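Biologist: I would like to go through this chain with you. Shall we take it piece by piece?

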Amino acid sequence: MKSAWNEREASDAVERYGAQGVASDLALRVYSTRLLGRDPKLVLHGGGNTSLKAMTRDVAGAAVEVLYVKGSGTDMGVIEPSGFPAVRLEPLRALRALETLGLDDMARVQRGFMIDPLAPAPSVEMLLHAFMPAKFVDHTHATAVLSLIDQPNGEALCTEVYDGRMGFVPYRMPGFGLAKLAAEVFDKSPKVEGLILDKHGLFTFGADARQAYERMIEMVTLAEQRLQKNRSSFASAKLPDRLASVAEVAPILRGACTLHDADGEGAHRRPILEFRTSAAILTFVNGKDVARYARAGVITPDHVIRTKPWPLIVPAPEAGKLAEFKTATWAAAQKFAEDYAAYFERNKSRAPQAVMHDPAPRVVLVPGLGLFGLGESARGAKIAADIAEATVEGITDAEAIGRFVSIPEGDIFDCEFWALELAKLGARQLRPLAGQVAVITGGGGAIGAATAKAFAHAGAAVALLDLDLKAAQEKAATVGSGALALSCDVTDASSVAAAYRQVVATFGGVDILVSNAGAAWQGKIGEVDEATLRKSFELNFFAHQKMAQGAVKIMLEQNTGGCLLFNVSKQAVNPGPNFGPYGLPKAATLFLVRQYALDYGADGIRANAVNADRIRSGLLTADFIKERAKARGVSEKDYMSGNLLGREVTADDVAQAFLAQALALKTTADVTTVDGGNIAAALR
Ligand code: ZN
């Protein structure tokens, strides 16, 4: 591992933060914390922490010695000075005299001595930082060091590698007990440059920011060098000659890992999936002994809140035998949930207040293919996948020089159900479409974009499809991070199939289709040429059918129901003069909605239509509106609001109707009008 310290960048940080009134020590604390935080081999997703001991002034202006320590759950890679709450050092040090400190008191101590009680809560490892005398203290969960200490003989290996330069602290759960034990180890050899925390990570000390940082890099490098000696590799299991694809496997896994609706309300809680593969991942998941080493526990305790204690392992998926794979996968997921409930039962007396988390896996290993991270959002799935990848590396290196061991099950449980660790995840209020994947056609247009925004806001992962990729990308950027933009010709079967493959590869499946793409053709029906009529049928009927067929195929693999929503114009029920070429296929599409509702209701798949009228969009261009208003002798404004309510209908109104239909779990074969009131087009 190479040092990323750069003197010029460091002095830039001092200058930049100095202009905001931040002292140079704190500026450098921020700088080196970011260096550590941006390397996934050192810390991942809120893991790790750093501190600085310095003087500051309290509200009354009195000088006071404080510990600046990273806020709990803050991402070190992008931390700012405000990410380091200042805590009075004197009362923290005094706590060392206590015999024990209960978990509730630990939470009070976390906040009790803050200079600014409104700042973020300090790290749960604050006391350990406070009990160490060094001015700068850095702490990471470096994967290479974990491979060294997640061993039955971790202490001996550390003695060999560090030769007394690092103290060795036996495993304790983070908190007061660990801080006190670490201080005792330090007191016995106060010349050490840092501490190894067995089965957890390492600390390094420095008189200045650079020294603590460079020591971290050096200690990790020494571990890396040791891992290169006397290596062996996993023996591979026998795999089928031909494997199924990720796009075939993902919907099956997703269905198996869904929290199926027990009360019959139809509200399945599905996960978003993120797939990863590489030579290292394949060597790991294909290993003959994968069930032993992959289920042996976490590489560092705080990972458990993101990944659960172990992954789900499924059989290798053989091409052409997906039915067998599905049966085996559902059985394995069921067993996982039972094992998880049993683990909770065995250990629950350790945390009497604890409520069991949902029993669905967060990581799935698929021999032959790779691994999946699972989450209730695309971001959650990415975090689980990142940690799973680090786990693969940590365990592979540990097994290469010895045997991977984690902390005992009870200790894992303590971390998984400790309130202060869970606080890192933040308040968890599930949004109504959390975990659902929505595919929206016509994503480059006004209605598609408004719908994508409404669905993403409700928690769905969204994919915007459009013939015009640039338009879809521009709209996706307004939806927020993680929205997928794809080029798709909805009238072309292979383009539709490719788009679905891409959506499934990105998010794991499909739950909602908003089939919205369309275009208006005009012509007096007795005179219009057949080519125009057929063209309109291709886009305004057959494309809806192609999209719906593709979605249903995936939904049936998932076995978790689904929702098909169609943009059906008011032309479908109330023809306008010369709009036959547009209205006829739309009328067929209205019937298509009912046919899907009828044929797939028993599978929990709902089909509904929105009957919108007079929305400013690519269909209803500014020129067209001008022309129409003129023909009727009214202003554009009066033309647009020429409905019972006398108000213009917007793309957002249509989006809200689609959202309402997506959320109405008992509504199928419905047509919702969004037209401000048009009695001639009223359905009944
Ligand atoms: Zn830690």
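Predicted model: local features only at pLDDT ≥ 70, side-chain atom pairs only at ≥ 80, totals over all residues.

Biologist: Is H141 buried or exposed?

Modeller: Buried means under 20% relative accessible area, exposed over 50%, and partly exposed in between (1.4 Å probe, protein chains only). E125 has a relative accessible area of 7%, so E125 is buried. H141 has 8% relative accessibility, so H141 counts as buried.

Biologist: How many helices and strands are in the chain?

Modeller: Start with the overall picture. The C-alpha trace spans about 100 × 65 × 50 Å along its principal axes. Of the 684 residues in the chain, 55% are buried. The chain has 25 helices and 18 strands.

Biologist: What share of the contacts with a separation of 6 or more comes from residues 24 or more positions apart?

Modeller: Contact means heavy atoms within 4.5 Å. Among the contacts in the chain with a separation of 6 or more, residues 24 or more positions apart account for 72%.

Biologist: Which residues touch the most other members of the largest nonpolar core?

Modeller: A nonpolar core is a set of buried Ala, Val, Leu, Ile, Met, Phe, Trp, Tyr and Cys residues joined through side-chain atoms within 4.5 Å. The largest one has 81 residues, and its largest share, 9 residues, comes from helix α21 (residues 530–558). Apart from it lies another core of 65 residues, including V22, I115, I196 and L227. In the largest core, the members that touch the most others are L253, V364, F372, Y500, V503 and L564.

Biologist: Which residues does T329 contact, leaving aside neighbours within four places in sequence?

Modeller: T329 lies in helix α14. Its relative accessible area is 0%, so T329 is buried. With those neighbours left aside, T329 is in contact with I252, L253, A256 and V314.

Biologist: How are α14 and α16 oriented to each other?

Modeller: Axes are lines fitted to C-alpha atoms, for helices over the stretch in contact, and angles run from 0 to 180 degrees between N-to-C directions. Helix α14 (residues 322–347) and helix α16 (residues 409–416) pack at about 95°, with their axes 10 Å apart. Angles under 35 degrees count as roughly parallel, over 145 as roughly antiparallel, 65 to 115 as roughly perpendicular and the rest as oblique. Therefore α14 and α16 are roughly perpendicular.

Biologist: Which residues in α16 does α14 meet?

Modeller: From α14 come Y340, Y343, F344, R346 and N347. They meet, in α16, E409, G410, I412, F413 and E416.

Biologist: What is the phi of K308?

Modeller: Most residues other than glycine have a negative phi. K308 lies in the loop between α13 and β9 (312–313). At 3% relative accessibility, K308 counts as buried. K308 is not a glycine, yet its phi is positive, at about 65°.

Biologist: How far apart in space are T307 and I387, C-alpha to C-alpha?

Modeller: T307 is in helix α13 (residues 304–307) and is buried, with a relative accessible area of 9%. T307 and I387 are 80 residues apart in sequence. In space, C-alpha to C-alpha, their separation is 7.5 Å.

Note on methods: Residues numbered from 1 in each chain as written. Heavy atoms only, no water. Helix = DSSP H or I, 4+ residues; strand = E, 2+ residues; numbered from the N terminus.
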